[in-house]
Amino acid sequence: MTSANFDALKAGDTIDGPAFAVSRESIRLFCDASLDYNPLHLDDNYMKGDFGKTNFGGIIMHGMNNFGLISRMLTDWATPAGAIHRRLETRWLKPVKPGDTIRPAGTIKAKQTTAKSRWVLVDVAVQNQRGETVAAGEAMLEFPASAN
Amino acid sequence: MAQAESSAATPFETDFWKDSKLRKMWDDIVPGEPRKTLPYTLTQEAIALYCRAVGETNPLYLDEAAAKAGPHGGLVAPPAIHILLMFACTPADDWMRSPGTVNAGQSWSYNIPARPGDTITLQARALDKFIKRERLFVVHDNVFFNQHGDVICSGRGQTIRPM
């Protein structure tokens, strides 16, 4: 784990994110917080059916819950240094289910100085308790010239 | 932009089956055609609920005094509040609510934070649709604005549509 200091950062440095215990209650709370009441996240009977070639076997967590956790990790890391979370791109690789514990993490990929600012590119991933990557993507953080 | 009357007086319909027949299927979605959207007033309660759901504890989102002394001069919402805004700013017949809609990935860019009390508007459309490995995809793009016309964030996503 490294602190968010632009000059000191180098490729390969890591950012640790928070562990998150997924439960039926956490999924239901995310429904209320996001207003996304898709039966994928609520209705076990519905989820017994097939989705094309996929059968999830029960309710699944919102993909955007991964997104929210990654975003939380990035802002918790960047904000104290005066850096700004500017972009996050993610794709979902595996469903997350009640009983899973997931954790986001980041790895510094590159730094870039532009005409007016300074940027850090971060590879991000969320893993479950089995070490499987359930979400992956890339983030972009801005370190304004006035920041450290 | 297509914008319906504010639904502030109407409670949010949590049964996504209820209006499912009114929603466009993949076949009906025309890339480029604006989606109907609704202005939404973001409250501190909604921000706090979102924070609880993902475990956000940053005082910039939750502690008025601390936020006032912080970089934004007051409370703000976490960047990913667009997760809520996407559903808050669209009507019940929007195809994003079709049961079985599977999110395949998203990318978002952040300009300025949303604040409690902001009236948020959305400009949104399907931008593209395609078929891949027998699955029906739609690409959607979205831009959220505050009441001053400032861009809060913009994003693009892919969903797999129910058959």
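This is a predicted model: local features need pLDDT of at least 70, side-chain atom pairs count only at pLDDT 80 or more; totals for chains, interfaces and linings use all residues.
Biologist: How much of chain A is buried, and what box do its C-alpha atoms fill?

Modeller: Of the 148 residues in chain A, 39% are buried. Along the principal axes, the C-alpha atoms of chain A fill a box of roughly 55 × 30 × 25 Å. Contacts across the sequence may be considered next. Among contacts in chain A between residues at least 6 apart in sequence, 65% join residues at least 24 apart.

Biologist: Which strands of chain A pair with β5(A), and in what sense?

Modeller: Strand β5 (residues 118–127) of chain A pairs with strand β4 (residues 101–113) of chain A in the antiparallel sense, over 10 bridges. Within that pair, Ala110(A) stands opposite Leu121(A). A further 9 bridges join β5(A) to β6(A), and these two strands also run antiparallel. There, Gln127(A) stands opposite Thr133(A).

Biologist: How many residues lie in the connections between these strands?

Modeller: The hairpin from β4(A) to β5(A) passes through 4 residues. The hairpin formed by β5(A) and β6(A) has 5 residues between the strands. In the turn of the latter, Gly131(A) has a positive phi of about 80°.

Biologist: Why does Met140(A) count as partly exposed?

Modeller: Burial is judged by counting neighbouring C-beta atoms, and a residue needs 20 or more within 10 Å to be called buried. Met140(A) has 19 C-beta neighbours inside 10 Å, so it counts as partly exposed.

Biologist: Which residues does Met140(A) contact, leaving aside neighbours within four places in sequence?

Modeller: The contacts of Met140(A) on that basis are Arg86(A), Arg87(A), Trp119(A) and Leu121(A). Arg87(A) is 53 residues from Met140(A) along the chain, yet their C-alpha atoms are separated by 4.9 Å.

Biologist: How can the length of helix α2(A) be checked?

Modeller: One compares the expected span with the distance between the end C-alpha atoms. At 1.5 Å a residue, the 16 residues of α2(A) should span 22 Å, and the end C-alpha atoms are 23 Å apart, which agrees. The helix is also mostly covered, since 15 of its 16 residues are buried.

Biologist: Which residues of the largest nonpolar core touch the most other members?

Modeller: This core has 75 residues, and those touching the most other members are Leu141(A), Tyr50(B), Ile81(B), Leu84(B) and Leu85(B). Its largest share, 8 residues, comes from helix α2 (residues 63–78) of chain A. One of the named residues, Leu84(B), contacts Ala33(A), Ser34(A), Leu35(A), Ala46(B) and Tyr50(B), leaving aside neighbours within four places in sequence.

Biologist: How many residues of each chain are in contact with the other chain?

Modeller: In this model, 34 residues of chain A are in contact with 33 residues of chain B. On the chain A side, α1 (24–34), α2 and β3 (84–92) each supply at least two residues. The largest share, 10 residues, comes from α2(A). By class, this side of chain A has 15 nonpolar, 11 polar and 8 charged residues.

Biologist: Which strand of chain B pairs with β3(A)?

Modeller: The partner is strand β2 (residues 102–110) of chain B, and the two pair in the antiparallel sense over 5 bridges. In this pairing, Arg91(A) stands opposite Gly105(B).

Biologist: Are Leu35(A) and Glu134(B) buried or exposed?

Modeller: Leu35(A) counts as buried because it has 20 C-beta neighbours inside 10 Å. Glu134(B) is exposed, with 8 other C-beta atoms within 10 Å.

Terms used:
Residues are numbered from 1 along each chain as its sequence is written. Chains are lettered from A and ligands numbered from 1 in the order in which they are written. A residue is buried if 20 or more other C-beta atoms lie within 10 Å of its own, exposed if 12 or fewer, and partly exposed in between; C-beta atoms are placed from the backbone. Two residues are in contact if their C-beta atoms, placed from the backbone, lie within 7 Å. A nonpolar core is a set of buried Ala, Val, Leu, Ile, Met, Phe, Trp, Tyr and Cys residues joined through C-beta atoms within 7 Å. Ala, Val, Leu, Ile, Met, Phe, Trp, Tyr, Cys and Pro count as nonpolar, Asp, Glu, Lys and Arg as charged, and the others, Gly among them, as polar. Two strands pair if DSSP finds at least two bridges between them. The expected span of a helix is 1.5 Å times one less than its number of residues.
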